[in-house]
Structures are given as structure tokens and as C-alpha cells.
Amino acid sequence: MSEPRQSVSLTVNEERHDVTVPNRKHLADILREDLGFTGVHVGCEHGVCGACTVRIDGAITRSCLVFGVQADGAEIETIEYLSAQSETRDLVDTFVAENALQCGFCTPGMVISAAALLAETPDPTREEVRAYLSGNYCRCTGYQAIVDAVMMTAAGRRAAKGERA
Amino acid sequence: MSKQILRAPIGQSAPRERARRFATGRGRYTDDAASLRGLHAAFVRSPIARGDILEIDCDAARDMDGVVAVLTHADIAGRYRPWRAGNALLPEMKAPEQHALPPSRVNYVGEPLAMVVATSRALAEDAAEQVFADIDPLDAVADIETALAPDSPLIHEDCGSNLCVSLTSGNGKFGADFEDADLVIEDTLDFGRHTACPLETRSMLAEYDPGSEVLTLRISHQCPHQLQAELAKILGLGQHRLRVISEDVGGAYGLKQQLYQEDVLVCLAAMQTGRPVRFVADRLEAFASDNHAREHRVSARIAVRKDGRITGFELDDLFPIGAYPQYPRTSLGEGNHVLRMSAAGYDIADFRSRLRLLFQNKALIGHYRSVGHPVACAITEHMVDRAAAALGLAPETIRLRNFLSDDSYPRETPTGVHLHYLSQHACLDRLLADMDIAALRSEQAKLRGQGICRGIGIASFVELTGTGNGFYGPGGIDVSGQDGCTLKMEPSGHVRCMPSVTDQGQGTDTGIAQIVASVLGLEVADIRVLSGDSEITPHGGGAWASRGISTGGEAAWQAAQTLREQLLLVAGHLHQRDPATLELTEGHVVDASGAQITTISEVAHICYFRHDLLPDDMPTELMVTRHAVPRAQLFQATNGIQAAYVEVDTDTGFTRLLGHWVVHDGGTLINPKLVEEQIRGGVVQGLGAALLEEIRYDEDGQLLTATMADYLVPMASDVPDIQVSHVTSGTAEGALGAKGVGEAGVAGASGAVLNAVNDALGPFGATVRQMPISPRTVLTALRAAAASATTPPFEDAP
Ligand code: FES
Ligand code: FES
């Protein structure tokens, strides 16, 4: 008995990929194993830790909770791409400068979630940052440097726009 | 050569090269490595806590799609050497034989029974479901109180008892009455079973090349050399034919410090199939089979005089270690640290402690960051607070009356720990100032009037860092307390730096690059650090007991000094100067006036290509290795103090963390930002221990916490900002004066929260004695207090 498979077409980081994958394979594993986007991390495979967070059609999503076949036709963005985009580069630079990561395993998901937060709420409070990122577990940092990095990025963007710092 | 002082970039908060890689999705964690024709392993694991294996039927599984091999004990017996986790210093300690797969008996839920190797993980799991293990269930030993009962089943019959080992320490007689006491208070605390829960689970990829007979194991691990040495013994290979690579590791915290059965099995499967074999634990396997940590029942007695002097302290630690001691280090360290570090910072004439390690039909308990220290700190500081409350003293007052006096060092504790110097008074002063204790207490009092119940807790701790060779070496355990560093200056004047210490995010690599750059007058970017590969780095300890900078940094410092002397020797000859008058600064060789004489890269180039310019007997080695090992003392003891401010909802039992402060003595800070982030991260792990985290089993030894929704680790919204301050005092050994910092955060956090919650509950006469402090724990304590009449403070007096 061989595994049921289907072909799916995914646009990942602006490149189109056609792959044939087992029906039961989740998107995180396809991105990692079939397409080589190892910046997608898998920490729990049950939707709790947030390490597998990617953007699907613009919305942040846990890729361990999506089967590859469900994502057929979707546009997906991973950290490899998002970290190089001008709209997120300041956030990435601030994560590095503030040491908002240690082992780095949570970081791709954390950065993608933080970018979404700043897109929704350009002027968040520390509590709002903590609440928004509470679906992304970090076992190393204690979170404070992450909150600092998000707040500093927000302040930097406002300053660049000539708003109050 | 001129005497060098510490200079930049030492002391600067340089950013980490790895951090940039990680933040752009370019980490190279074990499972990120591709492998051609690679295979995947899945394990059949015991569904019950204790039973006799009657038969394992693998026929159906072997015929399945994609399956390349199915291995049971019978298939691998004789191809490896089983192991025992003992310590030659303690011949009475029971060290039952451990196998890669059990020959006849399973001893915990999750224990591997058989291994399936297939072309994908999913197919391997399909086949694992078709392996039929016939196990005759036996009564499990899953309770710490009954494990030592005469009628308890024996987990290891050949050991004759479920007691692994019992030790006592101190200078008094365990169990004897205290003399010189106006009041003796007794209490017992229960500490939950934790697990380090790194976000990256245990992962490995083994490849065997039969041509050169070299086995390469990529593995998410802290101690590649230790694993190389152990696997060589177990698999019968030369250590030079085993390469262990731990490049990027997604969190470890002590959990990835030992040998696991899967490590051996994956290597055996790679050798058998001639193909790469990969295993990545899923989260359920992680909870069931990763080493767990803590779980203690500690009873203590504290004797005090009415003037607030503590005259006696006794503790009795019951520590259930699971089915076997972890290998190779054994599970003793955790208990040993409780035995030795409890009350270590107090001047107590009569101190005694007893430790008993018990076997249980549960997963192994091993090391987790800050081994033993949080337990030692919490029991000590809980008892000190109870004494203070009984005597009507403020928590800081009783501590000041009993801390070891600043002019009494160097000294030894009653348990034989050498203390070079502790800065406890300075740390307490700083803490009280940072938290503005007076303002906090008046806020607390005001809110109490409004029915809001807040508490302030202080916890002081002594910690052992940078451990040397005195424990494992004579114990017959090949764990290196020594660390080394190789520096290779390239002809361009850039440096490749290969330390034996490893970096799982602490920033050790960056700290070492700063040290090397400081000595050589280079920029951090001129140094490339390559760590975590047993084939290229000197043999050393890796990451354990906060040694990255305190020991590894010292080795790097010495190697860099040697390289510096070499460069100055050649430069002096070329420019007709006395090398002792020269210095390396900003990429140049400079004279005493600071005038630039030549560049470092020019000197390096000459050392490789222009021997015609140099005398025949002039050395030109630009590759240097130096090692460092603490010799004068087994540990580098240091200290710190923490405070927590909490609010307890007495209706729901829910505890909210409002503020947290740390003052720590880390000696010289090579990179202050990285030090502070180490401490904060540790604090949050300690806050998880205090309020959330617990691995639970039922009375039959069945695992109840199997997902990250059951085992709660702190989220961003659970924890407050943490203020960190430093006190700096010197070290007995070493040029840098750096002490370990990795464990300090965990060491004091849970004790501070426990004391804060009990401070909050004080007006109700309630005391919590259990961690994690769940809402149920709080409500139970409140109900118990309400049910009993208020008790006079001197009720326990003898
Ligand atoms: S791996 Fe997807 S949420 Fe944890
Ligand atoms: S940096 Fe290690 S889990 Fe967040």
C-alpha cells in the first residue's frame, strides 16, 4: 500500500513550486523537506509553540496546522524572504542589536508575528506586545529583549515618519 | 612583553554573528542538514511503566512500504556495549545496567522497545504501529513515599533496593536535637517534576563511511566531545573515527548533555544500513523520553535564637530519579548540589543534610540548568523567611544578621565548598535600593487595606560555576572540566578561533571573539569562531556549569596571549625593537608612544611566506592551542540575590507576577548585554518552575502531560520586565576574572516567588509548600488556614 499523494502548486517567496506530496504531510514539513526553507521551524506540531509561523496569503499562520494540499495555490512567505524585505529589515536588525534571540529557534516565527503586530498596531504598549506574542513561545530569552526590540522598531518607524519618538 | 590589561572590545555589548544568521532564517540546526538517500527512524515505545517483555513481533512491520530495518534487542545485542551510570567515588551507589533497547523489562512509559528505519518518518511511524509488543504488566513504583517500603516491588532486583544512594553532609549529626536554639521550625516543600523543554527537540543524523570507518553524528547536543568519547566506548570505535557535530542547537539547558538510547541506536542503524539515519523526536516523545528534572521532597529544620541568629539547619532531600541514573554523569549532581548549596551563604554553626536518590518507574531525571540550586535556594530561603516571621524580623534583617561576613574569606562551607569571596552584603544593599523596598512595602500595605493581596519575596543564593575535574575525573567519568581554544591566524591577519566550549545561544562564541580581539588588537569581525565540532576543536567540556567564559574564555585569553607574543617577537626583529616595548592595537603593531610600526597582517604574511627575512631559529607559528582548567578549587563559587513582587487573587488562587529584580556577581563582564539576557532567560525558566511547569504521572506511572498545552512554559504575557544589576568581585584563578552567569537566573527565581506568595498569604495565616504554585495550591493553602485557628508564632519551640 503506498501513501496517497497529490500534486500541489505553491508560490513560496515569489517562486512557484509544483510538488507531489503525501496528503497527510503538513505545510511546515513540505517547506522544510521538499523545498529547503529550513527557516521554518517545527517545535510542537500541535499548534502551540508558534515556531512554524509563516505568512499565507498575507495572514500569519501556523504551518504545522495546515496540510500541504490545503495550501494548493496559496502564496506563502517565510523568514528567508521576509527578513530581506525593506518593510521588515528594521525589525530584524533591532532583534539582532537588542539580542532578542538566543538559540534562535523561535526567532523566525517571532519575527513574523512581531511584523504582523506592527502592521496592525504601529504604536503598541509593552503589554500589547506581550499579549500579541503570547502565541510564540521562547524558552531562552525571557521575552524582555523581544518586547524591547518591537517597541524600538515601532519608535524608529514613527521617528522616520516624523511622528513623536 | 608588557602586561596587558583588559581593554575593548571586552566589556562592550557586541552583537552576535549567529544572531544575524538566525534572524534571517539561516540557522543550521541538526534537522536542517540534507542527506542523500537518507533514512528516518521512529521508535516503538513502552505504553506502560513496568512490565516483562514476552515477545516483540516485527514481522508485519518489516514487510511494510519503505521499511529498511526493524531492530529489537535481539538484533543489536553484541554490537554495542551496555553502560552503567555510576561514580567510582561512591562505590555504594547502585548503577543498574542500561541497554540501547531493553532485553526483558520495561521500566517507564516512553522507553524505546524497538526501532523502525524507513524512507520517511511517516512510513517509519506507520510500521512502528504494526510492531506488536506483548508485555506482561507489573505493578509500577510511582510514589516516592512507598518506594522504600519493605513490600515495594524492586525496579532493579539485582540492586536489592529502590534506594540508588544515600549521602549525608555537613558538620553536625543528622537527626540530633539542636543545641543553642530558642526556636526550631520544621517544614517540608515539594518541588514538581520539570523538563527543560527546548523548542528544538532532540535531533540527530548519523552517517557511516565504511571506507574510512568514520562515523559522523550531527546532533543537537551541548557536549560533543563527551558524546564522542562515550559513543566510541559503546560502539567500539576509535575516538578519532567518530565526529560529533553540534552546530546550531535550538536550546539545550542541560537536557542535551547526556547520552540517550536513541543516540546509540541511530549510530547502529547507520552502520548497519550504510545510509544516513535521522531521528527527530516529536513533542510527545520529548515529554516521555527526554530527561526530566528537579522533583524533590525536602524536609528542613531551622534553629534560631531570639536575637535572630540562625544556629542550626538540617535538611532531608528525597529525590526520585526515575528508572535509571542518567548516563554518563549520573543523576547525583542535582541532589548533591541541594545537599551542599543549601544555606551555604549563612554562618551556621551546626549544618547537616541528607540526600536519598530513589528509583521510580518514570523517565530519567537528570540535569537542567542551575542543577540543584533552585531547590537549595528555595528551601533555605523559605525556612529563613519562616524564622524571620516567627521572630518578627524583616526578611532583610534576618539575612544581614546571618550572612557570612565579608571579611571572613577565603573560607569553606560546612559541606566543604571553597568560597573565595561572596558579595552577599553588597548584593542585598543593591537589591533593596533597586526595588525601593520602602515604597513597595507602603504600596503593599495600602493595597491590603483595599483587599488587594500583594507579596514581596527575597531569595539569596550561592552558586557553583566553572566546574573543574575534581568530581567526574576521579569518579571515572570522562567529562572534561578542562576547556581549550585553538587560534589560527591566517596570512591576512584574520583569525579562525576554535574553542571547545559550545554555544546554544548564550553568546559564548561572541564573548570569546571579544577576548581574542581584545588581546590581539583586532575587531570582533576579524575573528571567526567555529565551535561544536569534535573533529576540529580541542577536546573539552562543551557547555555545562556556566563554563563558556569562565573556563573557555580563559583558554582563549591564554591562546591569544601566546599568539600576541609570537607576533611581537617577529615584529620586534623586523623593526629592530625590543618586543617588550611593542603592543598590538587597531590592527597595528605600535610602540610605547603609540606610533604605528607595521600592520598585524604584514607580520602574519611574513610568518607564512617570508622566512628569508627572519633568522633560522625564529619561531613563526601562528596556530596556537591553549587549555584552561580550574585547579585551585573544584568550583568557582559566586552569588546573587533576587526579589519578586506578586499579586495573589485569593478568590481564584491565581498569582500574577508584577516585578522581578536580580543582583548578581559575575565578576568581569565580557559582554554586559549578553550576560543580562542570560540572567533574564534563566529567571523566566525559574518563574515557570514557580508557577506553571510540571510533568505529571498518575499512580500507575502513566504520563499525563504529553503536549505543550499540558506542560505549560511561560508565555510573554505571563512574565514581567526583569531588572538586572551587577556587583563585581574578583576570582581566585585566571586572568580575566569572569565567573559563570548562565545558572544565576534560574537559581533564585522560584525561591523569590515562593517567598513573595507566602508574604502575600501571610495575613491569612496560609503557607504554600509546593511548586508549581498553581491556583489550586493557593486555594488549598487558604482553605487549610481558614479551617485551623490562627497559631501562635512560637508553637514549634522545643
Ligand atoms: S510547530 Fe507549529 S505551532 Fe509549534
Ligand atoms: S531564542 Fe531560543 S527559543 Fe527563543
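Me: Which loop does B:Pro772 lie in?
Reply: B:Pro772 is in the loop between strand E31 (770-771) and helix H18 (775-787) of chain B. Helices (H or I, at least four residues) and strands (E, at least two) are DSSP runs, numbered from the N terminus. The peptide bond from B:Met771 to B:Pro772 is cis, with omega near 5°.

Me: Before we go on, what kind of model is this?
Reply: It's a predicted model, where local features need pLDDT of at least 70, side-chain atom pairs count only at pLDDT 80 or more, and totals for chains, interfaces and linings use all residues. Residues are numbered from 1 along each chain as its sequence is written, chains are lettered from A and ligands numbered from 1 in the order in which they are written, and side-chain values use heavy atoms, with hydrogens and water left out.

Me: OK. Which peptide bond has an omega of about -5°?
Reply: That's the cis bond joining B:Tyr409 and B:Pro410. B:Pro410 sits in the loop between helix H10 (395-402) and strand E18 (411-412) of chain B.

Me: Switching to chain A, where is A:Arg126?
Reply: In helix H5 (residues 126-132) of chain A. A:Arg126 is partly exposed, at 22% relative accessible area (buried means under 20%, exposed over 50%, partly exposed in between, with a 1.4 Å probe and protein chains only).

Me: And what is A:Arg126 in contact with, leaving aside neighbours within four places in sequence?
Reply: A:Gln144, A:Val147, A:Asp148, A:Met151 and, from the other chain, B:Asp721. Contact here means heavy atoms within 4.5 Å. A:Val147 is 21 residues away from A:Arg126 in sequence, with 6.5 Å between their C-alpha atoms.

Me: What joins the side chains of A:Arg126 and A:Asp148?
Reply: A polar contact of 2.8 Å. That term is for a pair of N or O atoms within 3.5 Å; within protein, one must be able to donate a hydrogen and the other to accept it, and residues adjacent in sequence count only if both atoms are side-chain atoms.

Me: What does A:Arg126 form with B:Asp721?
Reply: A salt bridge, with the closest N and O atoms 2.8 Å apart. The cut-off is a side-chain nitrogen of Lys or Arg within 4 Å of a carboxyl oxygen of Asp or Glu.

Me: How many salt bridges are there between chain A and chain B?
Reply: Eight. There are also 26 residue pairs in polar contact between the two chains, counting pairs with both at pLDDT 80 or more.

Me: How many residues does the contact take from each chain?
Reply: 46 from chain A and 54 from chain B. About 4100 Å² is buried between them, and carbon and sulfur atoms give 53% of that. Buried area is the accessible area (1.4 Å probe) that two parts lose on being put together, summed over both.

Me: Which chain A residues lose the most area to chain B?
Reply: A:Gln102, A:Tyr137 and A:Arg139, together 20% of what that side buries.

Me: New topic: where is A:Tyr143, and is it buried or exposed?
Reply: A:Tyr143 is in the loop between H5 and H6 of chain A, and it counts as buried because its relative accessible area is 1%. A:Tyr143 also has a positive phi of about 75°, although it is not a glycine.

Me: Which residue has a positive phi of about 70°?
Reply: B:Ser370, again not a glycine. B:Ser370 lies in the loop between strand E17 (350-359) and helix H9 (373-391) of chain B, and is buried at 0% relative accessibility.
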